[in-house]
Amino acid sequence: MNPRNTNSILFVVLQAQILILLCAAQDFDFFYFVQQWPGSYCDTKQSCCYPTTGKPAADFGIHGLWPNNRDGSCPSNCNPNTPFDPSKISDLKRTMQSVWPTLACPSGDGTTFWSHEWEKHGTCSESTLPRQHDYFSAALNLKKQVDLLNILQNAGIEPNGNSYSLNSIKGAVTAASGFTPWIECNVDEWGNDQLYQVYMCVDTSGSNFIDCPVFPKGKRCPSDIEFPSF
């Protein structure tokens, strides 16, 4: 056989193998939709930096929409060939700066944060949300469906620095949404546990909340936690 033909065949086979691996890496069972309380992000020894657009609203902000599997594993960085392109979501930028703000230091306009979320998590959802616009739009629509701050305030749970029972927080979200959340805490600069992030599960279309097949592994919150102001 002509060596040139052999090389061509090997190249095609290699491409096919890479494609198979890439598709396999993009398989997942559900999403975690994660919202974070900015007061808890900032109220730590590490502190925070407000974005260049100014201090965000005192509301839960989107952290991300993360593909996950029922066995607890989570794919990441699935497709280096589709880097984040801000021009593809230019019509969403103002909304994202409002409800998906960055609090990392140094201050930024959100682009670095969104780039990280797309490249680590969004590229693993391309089997169902193939475009960057699809991915970010899905997260924005989920945010509209579950207004966490309003839900908690309606249950008498206010971001005022007081402590509330973990069960009351979970119960309020469950009663309003129909689905049980997973609550993540962090620790403020004085060592107090506080409400940090709320995880809810979403089907692979990125459209519908579902009962969580599995909850994240990690440090559990104590029975009573603070809800700091912002």
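This is a predicted model: local features need pLDDT of at least 70, side-chain atom pairs count only at pLDDT 80 or more; totals for chains, interfaces and linings use all residues.
Gln132 belongs to helix H5. The side chain of Gln132 reaches 2.9 Å to the backbone oxygen of Pro83. Beyond its neighbours within four places in sequence, Gln132 contacts Thr82, Pro83, Phe84, Asp85, Lys88, Ile89 and Trp118.

Helix H4 spans residues 111-120, and helix H5 spans residues 132-145. Two packed helices are described by the angle between their axes and the distance between the axes. For H4 and H5, the angle is about 105 degrees and the axes are 11 Å apart. Angles of 65 to 115 degrees count as roughly perpendicular, so H4 and H5 are roughly perpendicular to each other. H4 contributes Trp114, Glu117 and Trp118 to the contact. H5 contributes Gln132, Tyr135 and Phe136. Of the residues in this contact, four are nonpolar, one is polar and one is charged.

Several residues of H4 are shielded. Phe113, Trp114, Ser115, Glu117 and Trp118 are the buried residues of the helix. Their cover includes strand E2, helix H3 (93-99) and H5.

The UniProt annotation "active site", from an unreviewed entry, covers His63, Glu117 and His121. These residues are spread over 59 residues of sequence, yet they cluster in space. The largest C-alpha distance among them is 11.3 Å.

His63 sits in strand E2, which runs over residues 61-68. The relative accessible area of His63 is 16%. The cut-off for buried is under 20%, so His63 is buried. With residues up to four places away in sequence left out, His63 touches Val34, Gln35, Gln36, Trp100, Phe113, Glu117 and Gln197. Phe113, another partner, is among the buried residues of H4.

His121 lies in the loop between H4 and H5. His121 is buried too, with a relative accessible area of 9%. The side chains of His121 and Trp66 form a polar contact at 3.4 Å. Tyr135 is also one of the H5 residues in the contact with H4.

Definitions and conventions. Residues are numbered from 1 along each chain as its sequence is written. Side-chain values use heavy atoms; hydrogens and water are left out. Axes are lines fitted to C-alpha atoms, for helices over the stretch in contact, and angles run from 0 to 180 degrees between N-to-C directions. Helices (H or I, at least four residues) and strands (E, at least two) are DSSP runs, numbered from the N terminus. Angles under 35 degrees count as roughly parallel, over 145 as roughly antiparallel, 65 to 115 as roughly perpendicular and the rest as oblique. Contact means heavy atoms within 4.5 Å. Ala, Val, Leu, Ile, Met, Phe, Trp, Tyr, Cys and Pro count as nonpolar, Asp, Glu, Lys and Arg as charged, and the others, Gly among them, as polar. UniProt positions are given in the numbering used here, feature names are shortened, and annotations may be inferred rather than shown by experiment. Buried means under 20% relative accessible area, exposed over 50%, partly exposed in between (1.4 Å probe, protein chains only). A polar contact is a pair of N or O atoms within 3.5 Å; within protein, one must be able to donate a hydrogen and the other to accept it, and residues adjacent in sequence count only if both atoms are side-chain atoms.
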